[in-house]
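Hi,

Here is the structure I promised to pass on. Have a look at it first, then read my notes below.

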Amino acid sequence: MADPNKRRFVPHIPSGPISKRSLAGISRRTVLKRVAAIGAGAALSIRPIFAGMPGVDSNPKHGRIDVHHHMLPPFYMDLRRAVPNVGAMPTWSPSKSLDDMEKNGVTTAMLSLAVSGVTFDAGEAGRGLARKSNDYGAQLVKDHSASFGLLAALPLPDPQGSLAELEYALDTLHADGIALLSSYGDKWLGDAVYAPVFEELNRRKAVVFVHPSAPNCCANLQAHVPASTMEFLFDTTRTIESLLMNGTFSRFQNLQFIFSHGGGAMPMLANRMARLFPKDLAAQAPNGVLYELKRQYYDTASASNPASLSALMSVVPGSQILFGSDFPFLSAAPGFASTARE
């Protein structure tokens, strides 16, 4: 693995010139917040920030930060397997992550729980699972500080528990950001019940990674069609719309959202969302819908194909597109697909 003290910034899918920069002495959390500003016209790849590291590396096999990389702790997998009809799940271990990273030029993987997050249990059980997961991830970061970062889980259906956990995750564990699901039961992220959590995250200028889920309404609409085939993409779009309509984007300007899978169906629907945005809710997006969509960040997991990526880049600038692999459901290797479904 390359020397972690010589970080480089490399576009993964270049479409224009790259200017040299030096970000010496900046923490990885700061870099994650600023990552999309480093390159222009590209799905970004950067080395972690530990010590001074100038320069641009022309080798695309070096220097990616993978913002969409799952950990599957044993206790999490035990809960996951107990869910009816959960489908195949990949095997995972820290060494498998490190091996895939080494082979595919990923220097740092931002670890987050896979789909379902900590929604298996409510109340104290959900709080306990979030804490156990975050402690597990923080230990991996401690053991492999040059390779892993942490996007901590919150038991969001429990806003008070989430406030306590985000304080612990960011202040004690020094997590790089927070990972949330697109919906919880029948509520999307713009729901007013979650406003206190987003207010605190905004105060802290936090990074919020949003992974899709399937809401109660729509998980099994068609037989033999898993939610990951289509519903995940629609649910990401629903939660983006909820954050627009309830004013979360416009009120909490310090939040930095990263939406998985290229923003789901948002790129195809962006102009329709803007054109049909309710006039009586105009104050919730005073700068306009497209303005808010363009300033969010989107990862390339399952969205680096020409159709998806061109649609995304027709809506948002390349500076807002981040590299994501979806490991271990997918590899960071181009064109690789696991048989397990996310």
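**What I found**

In the largest nonpolar core, which has 66 residues, the ones that touch the most other members are Leu-180, Phe-198, Leu-201, Ile-240, Phe-257 and Met-266. A nonpolar core here is a set of buried Ala, Val, Leu, Ile, Met, Phe, Trp, Tyr and Cys residues joined through side-chain atoms within 4.5 Å; buried means under 20% relative accessible area, with a 1.4 Å probe and protein chains only. There's also a second, separate core of ten residues, Ile-65, Val-67, Val-207 and Tyr-297 among them.

Keep in mind that this is a predicted model, where local features need pLDDT of at least 70 and side-chain atom pairs count only at pLDDT 80 or more, while totals for chains, interfaces and linings use all residues. Side-chain values use heavy atoms, leaving out hydrogens and water, and residues are numbered from 1 along each chain as its sequence is written.

Back to Leu-201: leaving aside neighbours within four places in sequence, Leu-201 is in contact (heavy atoms within 4.5 Å) with Leu-166, Ile-178, Ala-206, Val-208 and Leu-255.

Now for two helices (DSSP runs of H or I, at least four residues). The axes of α5 (residues 159-172) and α6 (residues 195-203) come within 9 Å and cross at roughly 15°; axes are lines fitted to C-alpha atoms over the stretch in contact, with angles from 0 to 180 degrees between N-to-C directions. So α5 and α6 are roughly parallel, a label for angles under 35 degrees. Pro-159, Ser-162, Leu-163 and Leu-166 of α5 meet Pro-196, Val-197, Glu-200 and Leu-201 of α6.

Finally, Glu-165 also lies in α5, and counts as buried at 4% relative accessibility.

Cheers

Key. Angles under 35 degrees count as roughly parallel, over 145 as roughly antiparallel, 65 to 115 as roughly perpendicular and the rest as oblique. Buried means under 20% relative accessible area, exposed over 50%, partly exposed in between (1.4 Å probe, protein chains only).
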